[in-house]
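Hi,

Here is the structure I said I would pass on. Have a look at it first, and then read my notes below.

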Amino acid sequence: MTKAPDNARLLFSVFTEIGIIGQLSRTLLENRLPDGLITPHFSVLNHLTRLGDGWTPLRLAQAFQVPKTSMTHTLGTLDQRGLIVLRKNPEDGRSKLVYLTDAGRKTHREAIAALGPDMYEIGQSYPPEQVEQLAPLLVQLREIMDRNREG
């Protein structure tokens with residue numbers, strides 16, 4: 001059995017807080033999204049905006065650590081709403097590639113803009129210096145966890 005680090009309780013407390021923040025932020029986001037869109041939909045739009053188009057559904061499923069069937073369902077909704085388009089993969093005729101449409105980019109921008117007042121309000125209670133200190137620590141934690149993830 002692997003011995004827990006000396007700071008295991010503190011780390012667990014940090015992850016508990018991150019989980020609660022995650023739930024609160026999902027609820028906030030979903031309250032600002034257009035009707036019918038939920039966090040997984042926005043997450044795909046955000047991912048493609050940040051990292052670029054041309055991902056296969058399988059690669060997206062792996063990135064989000066969800067079953068391919070779940071990603072297929074998410075992509076189907078986005079496709080039906082005209083927010084993405086699925087094109088044949090020129091390197092592999094059996095698979096498709098996912099691309100944002102102009103409507104998808106617009107929906108992404110509008111969702112972020114809709115969160116503006118909420119971010120302003122949170123920012124009024126959270127000094128910028130603390131955000132500047134926290135952001136790199138969260139990036140580092142995510143990178144460590146991403147490198148060590150299973151599956």
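Let me start with the largest pocket. Its lining has 38 residues, and Ile18, Gly22, Ser25, Leu138 and Arg142 are the ones nearest its centre. A pocket here is worked out on a 1 Å grid over the protein atoms alone: it is an open set of points where a 1.4 Å probe fits, with protein on both sides within 12 Å along at least five of seven lines, and lining residues have an atom within 4 Å of a point. The elements giving two or more residues to that lining are H1, H2, H3, helix H6 (116-125) and helix H7 (128-147). H1 gives the most, with 12 residues. (Helices are DSSP runs of H or I with at least four residues, strands are E runs of at least two, and both are numbered from the N terminus.) The space in the pocket comes to about 2,200 Å³, a volume being what is filled by probe spheres set on the grid points, which are joined across faces, edges and corners. Sorted by class, the lining has 23 nonpolar, nine polar and six charged residues. For those classes, Ala, Val, Leu, Ile, Met, Phe, Trp, Tyr, Cys and Pro count as nonpolar, Asp, Glu, Lys and Arg as charged, and the others, Gly among them, as polar.

Before going on, a word on where this comes from: the model is predicted, so local features need pLDDT of at least 70 and side-chain atom pairs count only at pLDDT 80 or more, while totals for chains, interfaces and linings use all residues. Residues are numbered from 1 along each chain as its sequence is written, and side-chain values use heavy atoms, with hydrogens and water left out.

Next, the core. The largest nonpolar core has 20 residues, and Leu48, Leu60, Leu75, Leu78 and Ile84 touch the most other members. Such a core is a set of buried Ala, Val, Leu, Ile, Met, Phe, Trp, Tyr and Cys residues joined through side-chain atoms within 4.5 Å; buried means under 20% relative accessible area, exposed over 50%, and partly exposed in between, with a 1.4 Å probe and protein chains only. H2 supplies the largest share of this core, four residues. Leaving aside neighbours within four places in sequence, leucine 75 is in contact (heavy atoms within 4.5 Å) with Val44, Pro57, Leu60, Ile84 and Val98.

Histidine 41 also sits in H2. Is it buried or exposed? Histidine 41 counts as buried because its relative accessibility is 5%. Beyond its neighbours within four places in sequence, histidine 41 contacts Gly36, Thr74, Thr77 and Leu78.

Over in H1 there is leucine 28. With neighbours within four places again set aside, leucine 28 is in contact with Leu115, Asp118 and Met119.

Most residues other than glycine have a negative phi.

Cheers
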